[in-house]
Amino acid sequence: MKRILTMFLAMLFIFGMLAACGSTTATTETTAQVEATEPTQPGEEGKCFKILTLGNSGAVDCGHMLAYVAATEGYENFKIATLYYSGCSLAKHAAFMGQNANDYKLYVSSTDDPTTAPTIMNSVTMEQALRYDYWDIIVMQGTASEIADKEATVQSNINAIQKFVRENCLNPNAKFVWHMGWVPPTDNALRDTYPYPENNVYYTRYIPYGDDRNNFYNALTKSTQDLIVPNDTFQYIIPTATAMENALSSYFEEKDIHRDYYHATDLARVMNSYVWLCKIFGIEQLDELKVDSIPMTLFKSLQDAQDYVFTEGEKNVMLEAINNALATPFAVTQSQYTPAP
């Protein structure tokens with residue numbers, strides 16, 4: 001009788017999941033019950049990892065391509081999952097955690113099937129995500145403006161979230177990592193893609209920085225150094241914000257790395273995924289990018305008719321931006337690739 005009741009409750013949970021997805025990525029929705037996954041053993045350090053990011057669309061943009069990049073570079077048994085809520089700040093994560101809210105989506109990709117868009121599970125709580133698998137790494141991030149503004153609650157929210165993770169993560173030895181997300185664009189054509197341009201928060205967040213991207217980035221890196229670097233609970237920082245700015249110091253324009261008011265283009269997704277890969281696997285510098293193209297199945301939409309093939313110039317800029325971000329994570333390094341070839 002107890003088994004029948006359990007099955008009945010599971011069915012209710014499944015049918016109650018949301019079908020809609022707020023992301024513009026090409027993804028596969030599923031109504032699989034998130035608790036039903038049987039956790040496996042931790043990854044072998046240096047060879048494979050299982051990573052869960054407590055993030056927002058900035059983390060999805062990186063995780064969306066990461067399994068594909070890892071597979072192309074020869075890594076196996078690699079899994080990346082992102083617990084997603086649109087624009088989610090540390091404060092919002094802490095609130096959802098306290099309410100046991102199931103407002104999240106869980107995006108999951110792996111090297112087992114790297115050219116398949118992430119699977120999405122809807123109506124997920126943070127506790128369910130933490131118990132979904134035996135995670136080796138928990139990546140945390142806030143919003144760029146939240147960190148740049150040095151909000152007084154940043155550290156207290158980090159402490160609360162980490163305490164919750166320790167209490168609920170299946171792996172007691174999971175390591176914390178910090179993702180330094182990028183700043184939004186200043187190009188009005190990109191800003192106007194925001195659903196509510198008359199009250200564009202991505203513009204108003206620039207007001208303290210004189211509507212200057214460099215000022216915003218400098219505030220973000222300074223605050224990251226003041227708030228995050230001294231926190232020894234974080235093993236390392238993933239400097240995707242710096243890779244983005246490094247790329248902009250070349251002949252690239254904002255539209256080359258931003259597809260709208262905030263999110264990364266597919267090219268920038270690959271670039272940022274490499275930054276993640278290098279930090280995760282302890283790669284100090286890359287000799288080359290083995291990813292030559294992006295499969296159509298991984299594009300932000302399925303409207304593209306064929307795979308996207310990188311030009312030699314694009315690969316040069318990406319490789320340089322990645323290596324410079326790894327070498328100098330808190331300052332922009334001027335590109336040698338300017339003007340355009």
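Analyst: Strands S6 and S7 (residues 175–179) run parallel and are joined by 4 bridges. Strands count as paired if DSSP finds at least two bridges between them. Helices (H or I, at least four residues) and strands (E, at least two) are DSSP runs numbered from the N terminus. The model is predicted, so local features need pLDDT of at least 70 and side-chain atom pairs count only at pLDDT 80 or more, while totals for chains, interfaces and linings use all residues. Residues are numbered from 1 along each chain as its sequence is written, and side-chain values use heavy atoms, with hydrogens and water left out.

S6 itself spans residues 137–140. Ile137 and Val139 point one way from the strand, Ile138 and Met140 point the other way, and all of them are buried. Buried means under 20% relative accessible area, exposed means over 50%, and partly exposed is in between (1.4 Å probe, protein chains only).

Where do these residues sit in the wider packing? Ile138 is one of the residues that touch the most other members of the largest nonpolar core, which has 100 residues; the others are Leu52, Leu106 and Ile280. A nonpolar core is a set of buried Ala, Val, Leu, Ile, Met, Phe, Trp, Tyr and Cys residues joined through side-chain atoms within 4.5 Å. H12 supplies the largest share of this core, 11 residues. In soluble globular proteins, nonpolar side chains tend to be buried together.

In S5, the bridge partner of leucine 106 is methionine 121. S4 and strand S5 (residues 119–124) run antiparallel and are joined by 4 bridges. S3 and S4 are antiparallel as well, with 6 bridges between them, and tyrosine 84 has lysine 105 in S4 as its bridge partner.

Is S4 covered or open to the outside? It is mostly covered, as 7 of its 7 residues are buried. Tyr104, Leu106, Val108 and Ser110 lie on one side and Lys105, Tyr107 and Ser109 on the other, and both faces are covered.

The whole structure has 14 aromatic pairs. The rings of tyrosine 84 and tyrosine 107 have centres 5.5 Å apart and planes at 80°, so they form an edge-to-face pair. Rings of Phe, Tyr and Trp (its six-membered ring) pair if their centres lie within 6.5 Å; planes under 30 degrees apart count as stacked, over 60 as edge-to-face, and the rest as tilted. Because tyrosine 84 belongs to S3 (residues 79–84) and tyrosine 107 to S4 (residues 104–110), the pair ties together parts that are 23 residues apart in sequence. Tyrosine 84 and tyrosine 107 are both buried. Elsewhere, Phe49, Tyr75, Phe78 and Phe281 form one aromatic cluster.

H12 (residues 266–281) has 16 residues and reaches 22 Å from its first C-alpha to its last, close to the 22 Å expected at 1.5 Å a residue. The expected span is 1.5 Å times one less than the number of residues. Since 15 of the 16 residues of H12 are buried, the helix is largely enclosed by the rest of the structure. After H12 comes glycine 282, whose phi is positive, near 70°.

For context, the protein chain has 13 helices and 10 strands. Of its 341 residues, 55% are buried. Among contacts in the chain with a separation of 6 or more, 76% are between residues 24 or more positions apart.

Key
Contact = heavy atoms within 4.5 Å.
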